[in-house]
Amino acid sequence: MGRECLAETYPLSFPCKLCPNGCRPTLKIPNMPHLSYSGAVQLKRELRETNAQVITPDDENYAESITRFSESSEREAGAIVRVTSTSEVSKVINFATKRYIPVVVQGGGFSTSGSSSTYGGIVISLSKMSKVVVDPASRTLAAQAGATWADVDNVAASSGLAVVGCTVNHTSVGGTALGGGYGWLTGRHGLIIDNLLSIKMVLADGRIVNASTTENTDLFWAARGAGQSFGAATELVFKAHRQPNLVFGGYLYYTTDKLPKIVEFANRFEQLSTGNEGLFFGFNAPINMEATMIFVRPFYNGPRLEAEKFFQPILSLGPIVNETSMMPYPQINTVMNRAAEFGGRKRFSGTNITLPLQVEFMEELYRDFDKIIKTYRRVNETVVVFELIPYTEIIKVPSDATAFANRGKYYNVGSIFCWYTPELDKKMGSLQNDMMHKIGERAGASLGEKLGDGVGLYANYAGISPTSVD
Ligand SMILES: Cc1cc2nc3c(=O)[nH]c(=O)nc-3n(C[C@H](O)[C@H](O)[C@H](O)COP(=O)(O)OP(=O)(O)OC[C@H]3O[C@@H](n4cnc5c(N)ncnc54)[C@H](O)[C@@H]3O)c2cc1C
C-alpha cells in the first residue's frame with residue numbers, strides 16, 4: 001500500500017501488518033509473565049485513588065466478570081479492571097506494559113476467538129464506560145467505547161436521530177466500530193467507520209491521543225478497520241442522521257419448499273434496492289420447530305405501503321411465522337438479539353456471496369446445514385445468515401482511504417455455530433470452516449471486478465477459536 005510504517009510512530013508489541021516494510025515491533029516483550037497475587041495487590045494500590053474496580057480471582061463476582069458470549073473463549077484472567085475513565089485505562093496500560101503483563105480490552109465480550117480474554121493477564125473492562133451524548137444541532141453523537149448500540153440507538157432516537165450501528169444491539173460501540181461495522185442504515189449512510197468523526201485512544205505506552213481527519217491522521221486511518229490492533233479506544237464521535245420515521249422489519253419463517261422463491265427474490269435485490277432496504281435470510285432450526293427453517297429478516301426505511309410493496313414477493317409466499325411490523329429504529333436492532341445471548345460454546349465465522357445465487361446450490365447448502373443439525377446434539381441454535389445490505393455507499397469510499405479491507409460488490413455471510421460440549425469443539429470448527437469455504441468458493445466474489453480491492457471477509461466476522469481447528 002506504500003504507507004509509512006505505523007510501528008515507527010505508535011508503539012506496537014507486534015509487527016505492523018499494514019505496510020510492506022517488514023517492520024519490527026517497537027515494544028520489546030519477552031515471555032509475558034502472568035499477573036501474580038502480589039501484582040494484583042499492587043495494581044489495586046495503584047488504582048485506589050480512582051473509581052476503577054479491580055476484580056481478582058478471590059472476588060465473588062470474578063466468575064461473572066470473565067463470562068463471554070462463548071464459553072470456549074472464556075479465560076481465567078489475573079485481574080479484571082472495570083475502568084470508568086480514559087485516564088484509568090492509561091494507568092492500567094502503563095502498569096501492564098511496564099511489567100510485561102498481557103492486557104486485553106473487553107467491550108461487549110462477543111469475540112469468539114478469545115481476543116477479549118486473557119490467561120492470567122489483565123482485562124480492561126469498558127462496561128462502566130457507557131455514556132452517550134447527542135448534539136442535535138450539529139447532528140453528532142459521542143459515545144464512550146463500552147456503550148452498547150442499544151445505548152446509542154436510544155439516545156439518538158430521543159432527538160429524532162439515528163447512527164449507523166450494529167444489527168444486534170448488545171455488542172459494544174468500540175468493538176464493532178474499530179473493525180468497520182455494518183448496520184441496517186449502511187445502505188443509506190455507509191459503514192459505521194464511514195460515519196466516525198473522531199476517536200480517543202490510549203496507546204500501548206499509555207499516551208492518550210485523539211485521531212481524526214485533522215489530528216493523528218495515520219492513526220485515524222488505521223483505527224477505521226484495524227483499530228483493535230492500535231490501542232484502547234475510549235470515546236468515539238459519530239455523524240448522526242435524521243430518522244423521524246418508523247422502519248419496517250421483524251422476522252419471517254418459511255418451510256424449505258419456499259427457498260427457491262426466496263433466492264429468486266434475493267437475486268433481484270440489487271436491481272430493486274434504493275439503499276433504504278436490507279434483506280437477511282438463512283438457515284436456523286428453532287427448538288420449537290421440527291425442521292430446519294428458512295428465516296428472513298427484512299428491513300425497509302420508509303412507509304409501510306412502500307415496504308410491503310418491496311417485500312411483496314416474499315410476504316405473499318405464506319410464511320409460517322410473520323412477526324413483521326412498523327417500529328421505531330432502535331427496535332429493529334433488537335429483532336436478532338436472541339442470536340446474541342451468552343451461554344454455550346460458539347464460533348463466529350464468515351465469507352461472502354455475490355448475486356445471483358444458484359437455487360440448486362442453496363438447496364445443497366440447506367441439506368448440509370440440516371444434516372449438521374440432525375447429526376449432533378444441541379446444535380440447533382446454529383445459524384447461517386446471508387446479509388444483503390446494499391454496498392453502494394460502502395464502495396464510494398476508496399479502499400485505501402481507511403484500513404478497512406472489505407469494500408467490494410459483494411455481501412457478507414455470517415455464521416454462528418453453537419454447541420455445548422468441549423468434545424465437539426474441533427468438529428464444529430471444521431464443519432463451519434467447510435461450509436464457509438464452500439460458500440466462498442462456489443458463490444463468492446473471486447478475483448476480479450466484484451471483489452475489487454476487498455479481501456472478501458469482514459474482519460469482525462473472522463472470529464476463529466483457538467479451541468477448534470483453524
Ligand atoms: C450475534 C452477533 C451479531 C453481530 N452483528 C453484527 C452486525 O450487525 N454488524 C457488524 O458490523 N458486526 C456484527 N457482529 C460482529 C461484532 O461487531 C464483533 O463481534 C465485535 O468485535 C464485537 O465487539 P464487542 O466489544 O462486543 O466484543 P469483545 O469481545 O469485547 O471485543 C471484540 C474485540 O475488539 C476489541 N475491543 C473491544 N472494544 C475495544 C476498544 N474500545 N478498544 C480497542 N479494542 C477493543 C477486543 O479486545 C476484542 O479483540 C456481530 C457479532 C455477533 C456475535
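**Charged pairs and a hairpin**

Modeller: Let's start with Lys 258, which is buried at a relative accessible area of 18%. Keep in mind that this is a predicted model.

Colleague: What does Lys 258 form a salt bridge with?

Modeller: With Asp 257; the closest N and O atoms are 3.3 Å apart.

Colleague: And is Asp 257 buried or exposed?

Modeller: Asp 257 is exposed, with a relative accessible area of 53%. The cut-offs are under 20% for buried and over 50% for exposed, so Lys 258 at 18% falls on the buried side and Asp 257 at 53% on the exposed side.

Colleague: How many salt bridges does the structure hold?

Modeller: The count is 14. One of them joins Glu 46 and Arg 99, with 3.9 Å between the closest N and O atoms.

Colleague: OK, what about helix 8, where do Glu 264 and Lys 261 lie?

Modeller: Both are in helix 8 (residues 259-267), three residues apart, or about one turn of the helix. Glu 264 counts as partly exposed at 45% relative accessibility, and Lys 261 does at 44%.

Colleague: Which residues are linked in a network of salt bridges?

Modeller: Glu 364, Asp 368, Lys 438 and Arg 442.

Colleague: Switching topic: what does the UniProt annotation say about residues 73-243?

Modeller: The unreviewed UniProt entry annotates them as "domain: FAD-binding PCMH-type". In the model, that span is 24% helix and 26% strand, and its end C-alpha atoms lie 37 Å apart.

Colleague: Now the strands. In which sense do strand 8 and strand 9 pair?

Modeller: Antiparallel, over five bridges, with strand 8 covering residues 196-202 and strand 9 covering 208-212. As one example, Lys 200 has Asn 210 in strand 9 as its bridge partner.

Colleague: And how many residues are between them in the hairpin?

Modeller: Five residues separate strand 8 and strand 9 there. In the turn, Gly 206 has a positive phi of about 90°.

Notes. Residues numbered from 1 in each chain as written. Predicted model: local features only at pLDDT ≥ 70, side-chain atom pairs only at ≥ 80, totals over all residues. Heavy atoms only, no water. UniProt positions renumbered as here; feature names shortened; annotations may be inferred. Helix = DSSP H or I, 4+ residues; strand = E, 2+ residues; numbered from the N terminus. Pairing = 2+ DSSP bridges. Salt bridge = Lys/Arg side-chain N within 4 Å of Asp/Glu carboxyl O. Buried < 20%, exposed > 50% of the residue type's maximum accessible area, 1.4 Å probe, protein only.
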